[in-house]
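Take a look at the structure first, then read the points alongside it.

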Amino acid sequence: MKTIGYLGPKGTFTKLAVDTAFNDEERRSFTTIPECIDAVDQGKIEIGVVPLENAIEGTVQLTVDYLVHQVRLPVVAEIVVPIQQHLLVRKDFSGELSTLKEVHSHSHAIAQCHQFIHQHLPDANIQFSSSTGKAAELVSESKEPIAAIGNIIAAKEYGLQIVKENIHDYPNNHTRFLVLAQDRSVVSINHPAKLERTTMMITLPSDKSGALHQILSAFAWRKMNLSKIESRPTKTGLGNYFFIIDVDQTYDDVLFPGVKQELEALGCSVDILGTYPVYHLNI
Ligand SMILES: O=C(O)C(=O)C[C@]1(C(=O)O)C=C[C@@H](O)C=C1
């Protein structure tokens, strides 16, 4: 039986994404994203699912950085799920929201609810946790008037009440999760894929004027549709960046090798991080 690792503990959005996409594979919870990625890399589990990007807060930098700088694992699928953030407190809490002393959650969840916190919990200390599930667990074990931001499953798993629903600051809140595996044949998601995507990493030669324009031209004249371009530091010195580029089509033997050749001729280095189906799922 295959095992799927996820950012845990129970009640996280990552777990929700896993349960929505997969059937009977075994699940194993990890406290951090790197631990989950390492376990796939070391062959302790076959599949890992980690958050990549949220519609409100953007990229989960830890995931990108760890995959680029530490452990290169193929991305074999992407799962996109809606994200509804709720304010969770213990069932015996009956005070006003303004009396809550602390609000706990994952940094991305906190960021998705900044306005709500600003308006309704101005005196609460913000405490970051390794996941929304961890925050809910912590609140359930505390006697203090504190809250967590998390989902409905976390409320159920940790016996908490939802005092305020849908507290994320913008509608259409979704998160992209990456499915990582050494062998893509072990991954089976029984839903129709919405599209195919290829993620590339491109490092520019230093200080070459017009380099980014030339990179984009290589895709543009081939009519290849980019859905994301983001720069990240190479961690080799100030001003040194690489680009992560998502192309909304599957890797092929004509267009992609052509782009690669053209970019390498410009002095860029090009890596394919994965070519994979994208599943938009409803929880
Ligand atoms: O803490 C969780 O529940 C997670 O699964 C992590 C995570 C994230 O890293 O973005 C996933 C989805 C939400 O956007 C908030 C938090």
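1. In which sense do strand S5 and strand S15 pair, and over how many bridges? Strand S5 (residues 75-82) and strand S15 (residues 269-280) are parallel, with 4 bridges. Two strands count as paired if DSSP finds at least two bridges between them. Helices (H or I, at least four residues) and strands (E, at least two) are DSSP runs, numbered from the N terminus. Across this pairing, Ile 79 faces Tyr 279 in S15.

2. Before going further, please note that this is a predicted model: local features need pLDDT of at least 70, side-chain atom pairs count only at pLDDT 80 or more, and totals for chains, interfaces and linings use all residues. Residues are numbered from 1 along each chain as its sequence is written.

3. S15 also pairs with strand S12 (residues 195-203), in the antiparallel sense over 9 bridges. Here Thr 199 stands opposite Gly 274 in S15.

4. Next comes an open sheet of 5 strands with mixed pairing, in the order S8-S7-S9-S6-S10. Its edge strands, S8 (125-128) and S10 (160-164), each pair on one side only. Within the sheet, strand S7 (residues 102-105) runs parallel to strand S9 (residues 146-150), joined by 3 bridges, and His 104 stands opposite Ala 148 in S9.
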